[in-house]
Amino acid sequence: MYDVIIIGSGPSGLTAAIYNTRASLKTLVVAGLKWGGQLMLTTEVENFPGFPEGIQGPDLMANMRKQAEHHGAEIVDMDAVSVDFSKRPFTVKTDEKEYQGKAVIISTGADTKWLGVPGEQEKIGRGISSCAPCDAPFFREKSVIVAGGGDSAMEEAIVLTRFAKEVTIIHRRDVFKASQVMIDKAKANPKIKFILDSTIEEVLGAEKVTGVKLKDNKTGEVKELSTEGLFVAIGHIPNSKVFPGIDVDEKGFIKAHDHFHTNIEGVFVAGDVYDHQYMQAVTAAGFGCAAALEAERWLEAQKV
Amino acid sequence: MADITFTDSNFKQQALENNLPVVVDFWAPWCGPCRVVSPIIEELAKEYEGKLVVGKLNVDENTQTAGEYGVMSIPTVMVFRDGKPLKSMIGAQGKESYKKAISEALGQ
C-alpha cells in the first residue's frame with residue numbers, strides 16, 4: 001500500500017514525487033511506457049530556471065527522475081491501463097500489476113493532436129512528424145509544411161528553416177494564436193511562407209509524403225500542394241480517458257476544484273492534463289509541487 | 001557482449017544475414033530523445049545476449065541504410081529477423097515498451 005500513487009512522469013509528476021517522498025510518504029510513480037512526457041521530444045530548453053546555458057529536455061527529465069529516485073520514489077515504466085477510484089484505497093492497474101494508494105495524483109499530461117485526415121496515421125514517422133527538433137535534419141533542402149497557428153507551430157517552423165529549403169505554415173484561420181514575439185520571428189525568416197484560412201483535408205503519397213490537399217476556407221476551392229514533409233502543431237489532447245468518474249471539461253481537460261483537488265476526494269491533478277492555459281515545464285512542475293502538498297495535507301487530515 | 005555499431009558497409013552481414021533476430025536503434029548525435037534511448041539499448045544488448053543482436057546505426061553517417069528503411073524520424077527502433085523488418089517503433093520509449101514490442105515481433 002502506497003500513501004500516494006502518481007500517474008505520469010513529466011515535470012508535474014516527478015516534481016510531485018520529489019515533494020511527497022521528501023515528506024516521507026511512500027510514493028509510487030506509474031511513469032508510463034513512454035516516460036518523461038513532452039520534454040522528451042524537445043531539444044534545448046532555455047526557459048527552465050536554474051539552467052543559464054539551457055538544458056536538453058531529455059536531460060532535464062532524466063535529472064528530475066534521478067532526483068525523485070534519490071529521495072525514495074518507486075518508478076515503474078508501465079502505463080496505467082485502468083483505475084478504480086470508487087473506493088478507498090484507490091486502485092491503479094498496469095498490464096502487469098495492481099497497486100493500492102491512499103491518495104492519487106493524476107499527471108498524465110497531453111499528447112500531440114493529429115489532424116485526423118486521410119493519409120495521415122500511416123505516414124507518421126514517414127514524412128509526418130510532431131517534433132521538428134527530432135526530425136528536421138531529415139528534411140535538408142526539402143520543402144515542408146507546418147500545420148498550426150500557435151507558438152509551437154512558429155517554433156517548429158523556425159527550427160525547420162535550419163535544414164529545409166522552404167517552410168510553409170498552413171493555418172485554418174486568418175489570425176494566429178501565437179504570441180507576437182513568435183509571429184514576428186517567423187515572419188522575419190525569409191524561408192517561411194504563410195497560407196492562411198486554409199484546411200488540410202488529406203495527406204497525399206503512398207510510402208512517403210508527396211503533398212497535401214488544401215481547401216481554401218473562404219472560396220471553398222480545393223487544390224493540391226506538393227511537399228515532402230508535414231509537421232503537425234495544432235495542439236494537444238489531454239490524457240484523461242483512463243479515469244472514469246473524474247470530471248473533465250468539454251475538451252477532456254480534468255477539472256480542478258479548490259487547488260488541485262478533482263471531484264473525487266483524495267484524487268488530485270497536476271500539469272497539462274488539466275492546464276490548457278500555460279503548458280510550460282516550469283508551471284507543470286509548480287502544479288506538481290502544489291498537488292503533492294495538497295495530497296500531503298489531505299492525508300494528514302485523514303488521520304485525525 | 002556489448003551493443004554493435006551497424007554501418008552501411010556491415011549492415012547486410014551483421015544485421016540482415018544474422019541468424020539471430022536483430023534490433024537496430026537508428027539515431028543521430030543531434031537528437032535529444034535518442035540520448036535517452038541509447039542507454040536502454042545498451043541494457044537490452046546485455047539482457048538479450050545470445051538471444052538477440054542489438055545495435056545502433058548513426059543515420060547521419062549511414063544514410064543509405066536509413067533511407068532504405070524509410071527512417072525519417074528518430075529515434076526509430078526496428079526489429080529484423082531473417083533479413084526482414086518485422087516492427088518499427090518511432091519516438092523515444094521506455095525499456096518495457098521496447099521489450100514488449102520485441103517479444104510481440106518475435107511472437108513470444
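**Group meeting: a two-chain predicted model**

Let me start with one residue. Leaving aside its neighbours within four places in sequence, Ile7(A) is in contact with Val30(A), Ala80(A), Val92(A), Val104(A), Ile106(A), Ser107(A) and Thr108(A). Contact here means that the C-beta atoms, placed from the backbone, lie within 7 Å.

Some ground rules. This is a predicted model, in which local features need pLDDT of at least 70 and side-chain atom pairs count only at pLDDT 80 or more, while totals for chains, interfaces and linings use all residues. Residues are numbered from 1 along each chain as its sequence is written, and chains are lettered from A and ligands numbered from 1 in the order in which they are written.

Back to Ile7(A). Buried or exposed? Ile7(A) counts as buried, because it has 28 C-beta neighbours inside 10 Å. The cut-offs: 20 or more other C-beta atoms within 10 Å is buried, 12 or fewer is exposed, and in between is partly exposed, with C-beta atoms placed from the backbone. Ile7(A) and Ala291(A) lie 284 residues apart in sequence, and their C-alpha atoms are 12 Å apart in space.

Now the strands around that residue. Ile7(A) belongs to strand E1 of chain A. Helices (H or I, at least four residues) and strands (E, at least two) are DSSP runs, numbered from the N terminus. E1(A), residues 2-7, runs parallel to E2(A), and four bridges join them. Pairing takes at least two bridges between two strands, as found by DSSP. Val30(A) in turn stands opposite Val76(A) in E5(A). E5(A) covers residues 74-76, and three bridges join it to E2(A), again in parallel.

E2(A), residues 27-30, is covered on both faces. Thr27(A) and Val29(A) are buried on one side, Leu28(A) and Val30(A) on the other. E1(A), helix H1 (residues 11-22) of chain A and E2(A) form a β-α-β unit, and it is right-handed. Right-handed means this: with the strands pointing away from the viewer, the path from the first strand over the helix to the second runs clockwise.

On to domains. Chain A splits into domain 1 (2-112 + 236-303) and domain 2 (121-232). Those bounds come from an automatic or database domain assignment. Taken over C-alpha atoms, the two domain centres in chain A are 32 Å apart. Four residues from domain 1 of chain A and five residues from domain 2 of chain A make the contact. On the domain 1 side, one residue is nonpolar, three are polar and none is charged. For the classes, Ala, Val, Leu, Ile, Met, Phe, Trp, Tyr, Cys and Pro count as nonpolar, Asp, Glu, Lys and Arg as charged, and the others, Gly among them, as polar.

Next, helix H4 of chain A, residues 151-160. Eight of its 10 residues are buried. Among them are Met154(A), Glu155(A), Glu156(A) and Leu160(A). What covers the buried residues of H4(A) includes H3, strand E11 (143-147), strand E12 (166-170), helix H5 (180-188), strand E13 (192-195) and strand E17 (229-232) of chain A.

Then an open sheet. Three strands, in the order E14-E15-E16 (chain A), pair antiparallel. E14 (198-204) and E16 (222-226) of chain A each have a single partner strand, so one side of each is left without a neighbour in the sheet. Neighbouring strands here are turned by 30 degrees against each other on average, direction ignored. Those angles use lines fitted to C-alpha atoms, for helices over the stretch in contact, and run from 0 to 180 degrees between N-to-C directions. E14(A) and E15(A), residues 211-216, share six bridges. Ser198(A) has Asp216(A) as its bridge partner in E15(A).

Asp197(A), in the loop between E13 and E14 of chain A, has a positive phi near 55 degrees. Asp197(A) is partly exposed, with 15 other C-beta atoms within 10 Å. Glu141(A), in the loop between H3 and E11 of chain A, has phi near 60 degrees, also positive. Glu141(A) is exposed, with 9 other C-beta atoms within 10 Å.

Cis peptides next. Arg88(A) and Pro89(A) are joined by one, with omega about -5 degrees. In chain B, Ile74(B) and Pro75(B) are joined by a cis bond, with omega about 0 degrees.

Last, the chains together. The contact takes 25 residues from chain A and 19 residues from chain B. Helices H2 (57-70) and H3 (132-135) of chain A are the elements giving two or more residues to chain A's side. That side has 12 nonpolar, seven polar and six charged residues.

Methods
Contact = placed C-beta atoms within 7 Å.
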